[in-house]
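Me: Hey, can you help me get my bearings in this protein? I'd like to go through a few spots one by one.

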Amino acid sequence: MMKHWGQLTAVLAVIGGGVLLATTPAQAKAGYTITKVQSIRRTAYHVKNDKKTLFTWDKTHTKRLRILNQMDDANQTMSWMADQKVTMTHNGKSATYLHIGDEYNSDDGYVYAKSMVKGYSKGYQTDAAYFGYYRLDAATKVGVSPSGSVTLPKGTVVQIAYSAYDGHESLTINGDALSYQLRQKLGLTGTKRLKAVDLNAVKVTPVAQPAYNTVKHNDFADTHASNLFAGTPNAGTQKQLFRTTSDGYVEYYDNGATQTQSEAVPQGKPASQKILQSSTSHGVTTVAYRTHIKGLKDTPTTVDGQAGYQLTIAPQAKTTTVKDKIYDTYLIGGQPFFTYETDTTLPVTAKKVSAKTLASLDKATKAPTYYRTTKKVTVSAPFDAYVSGTLNSKITLPKGTIVAGILTTQRTKKQTRQVLQLDASRLSANLLKPGYQRGLWGSQEPTVTKNTAAFTRVKRPAYLPRYGSAGDLYLGSTTKALMAGGIDK
């Protein structure tokens with residue numbers, strides 16, 4: 001969205017838009033209330049009419065999140081996964097909505113159910129994406145690559161990857177997330193991997209990620225993100241590794257083998273215990289098992305009337321940065337452990353420069369150009385839904401309005417003509433009212449007009465900052481890095 005204007009953020013417009021949204025009669029009187037929630041098995045749906053504008057909404061039905069019919073591409077139409085049917089009541093009338101997300105288990109809001117059709121859209125397919133956990137409700141036979149098969153016990157909790165191809169849904173079980181005991185029993189050693197299974201051919205129940213599990217889910221679940229290394233991050237080798245498994249084991253690897261981030265499955269045999277009890281309070285999870293694990297600071301307790309041990313798993317809010325890597329920190333029984341998370345961009349701080357250097361930087365920066373309307377002009381400006389999707393609304397620029405713009409050319413089949421690309425997002429909230437009243441946001445995509453004769457080039461207004469700034473000023477210090485692209489709405 002920023003390719004035409006660089007790092008611009010329409011803060012002024014958005015502040016105004018927020019006020020307008022709060023006071024727009026249509027929004028204020030909406031009064032939508034969710035009166036019934038029915039959880040359903042994740043079910044595929046697609047848009048009934050992809051030519052008609054269709055929004056998803058937040059739970060208050062006041063914020064337009066996505067424009068679903070614009071999500072299709074040239075090769076296929078989108079399919080969405082519904083996990084709830086909800087009843088929304090408005091002015092005494094009720095309607096059914098679906099709570100939907102994509103195959104990566106995103107939260108894409110609520111959509112009017114009658115605007116959707118059950119099933120995958122024609123030809124829809126997706127890559128595998130980790131999105132959650134299932135409990136096996138029966139002993140489940142699963143193929144193994146390169147050959148053979150294994151049977152997973154009834155009741156096993158598994159981490160899965162979900163995929164769909166032309167209406168066929170399948171799950172791939174992450175064997176690496178299973179306990180050492182179960183993997184050894186099944187013969188899942190070396191390069192052996194579990195094959196995908198037909199979702200409709202197995203008896204499974206979706207479950208929440210176990211509280212004791214340290215895997216951090218973003219778009220995908222990192223297969224080795226649950227491996228925690230003792231001490232603090234450094235370039236040396238790691239000998240001690242702690243992890244919990246999807247099927248409910250605590251494993252501590254202190255066997256002399258070198259443990260690395262690149263290995264999804266730790267090396268060697270661990271000391272391990274089956275988790276018999278698990279509870280979470282104030283962000284700290286406590287697990288209990290039967291026998292003390294040497295090397296961990298577990299403490300005696302009673303489990304089901306018998307002697308046992310308990311261990312606390314406490315994720316820390318503060319991360320550690322070493323060079324270009326970020327590490328999460330955990331306290332396991334009070335002992336520090338860390339896990340590799342992701343690459344990072346080192347923070348940039350402001351530095352003082354000489355007047356001469358600043359002048360050269362200013363000269364090298366391509367400054368925005370400005371135009372003033374010579375008469376009243378109506379243009380079609382783009383406005384965004386809160387998450388994705390763009391619709392145009394007509395806005396009127398009174399005579400004398402100053403706009404940021406670029407004079408360029410536009411090629412059609414018959415001719416090349418001169419056009420003016422305007423940055424409408426930098427206009428005042430008052431002028432952007434037609435879009436805001438629709439519950440949309442000023443887009444940073446350009447507003448294109450062929451009526452170049454209605455504009456005349458002017459100098460940068462004195463009230464706008466120099467150096468290519470969009471005019472947005474942020475309260476506080478310049479010593480902290482600030483990326484305009486990271487400031488939303």
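Me: Where is aspartate 298 found?
Reply: Aspartate 298 sits in the loop between β21 (284-289) and β22 (299-303). Keep in mind that this is a predicted model.

Me: Which side chain of opposite charge is nearest to aspartate 298, and how far away is it?
Reply: That's lysine 297, 11 Å away. Aspartate 298 has no salt bridge, even though it is buried.

Me: Ok, what does the side chain of aspartate 298 make a polar contact with, then?
Reply: With the side chain of histidine 292, at 2.5 Å. If you skip residues up to four places away in sequence, aspartate 298 touches Tyr289, His292, Ile293, Tyr309, Gln310 and Leu311.

Me: What about aspartate 304, buried or exposed?
Reply: Aspartate 304 has a relative accessible area of 57%, and the cut-off for exposed is over 50%, so aspartate 304 counts as exposed. You'll find aspartate 304 in the loop between β22 and β23 (306-315). Its side chain makes a polar contact of 3.4 Å with the side chain of glutamine 277.

Me: Switching topic: how many salt bridges are there in the whole structure?
Reply: Four. One of them joins the side chains of arginine 66 and aspartate 108, at 2.3 Å from N to O.

Me: Why does that pair tie together separate parts of the chain?
Reply: Because arginine 66 is in strand β3 (residues 64-67), while aspartate 108 is in the loop between β5 and β6 (110-112), and these parts are 42 residues apart in sequence. Arginine 66 is buried at 14% relative accessible area, and aspartate 108 is buried too, at 3%.

Me: Which residue does aspartate 176 meet in a salt bridge?
Reply: Arginine 193, with 3.7 Å between N and O. Aspartate 176 belongs to the loop between β12 (168-173) and α3 (180-186) and arginine 193 to strand β13 (residues 193-194), so this bridge links parts 17 residues apart in sequence. Aspartate 176 is buried, with 9% relative accessibility, whereas arginine 193 is partly exposed at 40%.

Me: And arginine 243, what's its salt-bridge partner?
Reply: Glutamate 251, at 3.0 Å from N to O. Arginine 243 is buried with 1% relative accessibility, and glutamate 251 is buried with 0%.

Me: Last one, strands. How many bridges join β30 to β31?
Reply: Seven, between β30 (residues 402-411) and β31 (residues 416-422), and the two run antiparallel. They form a hairpin with four residues between the strands. If you want a spot to look at, leucine 407 stands opposite leucine 420 in β31.

Me: Which sense do β31 and β33 pair in?
Reply: Antiparallel, over three bridges, with β33 covering residues 447-449. Leucine 422 has threonine 447 in β33 as its bridge partner.

How values were computed: Residues numbered from 1 in each chain as written. Predicted model: local features only at pLDDT ≥ 70, side-chain atom pairs only at ≥ 80, totals over all residues. Heavy atoms only, no water. Buried < 20%, exposed > 50% of the residue type's maximum accessible area, 1.4 Å probe, protein only. Lys, Arg positive; Asp, Glu negative; His and termini not counted. Polar contact = N/O pair within 3.5 Å; in protein donor to acceptor, adjacent residues only side chain to side chain. Contact = heavy atoms within 4.5 Å. Pairing = 2+ DSSP bridges.
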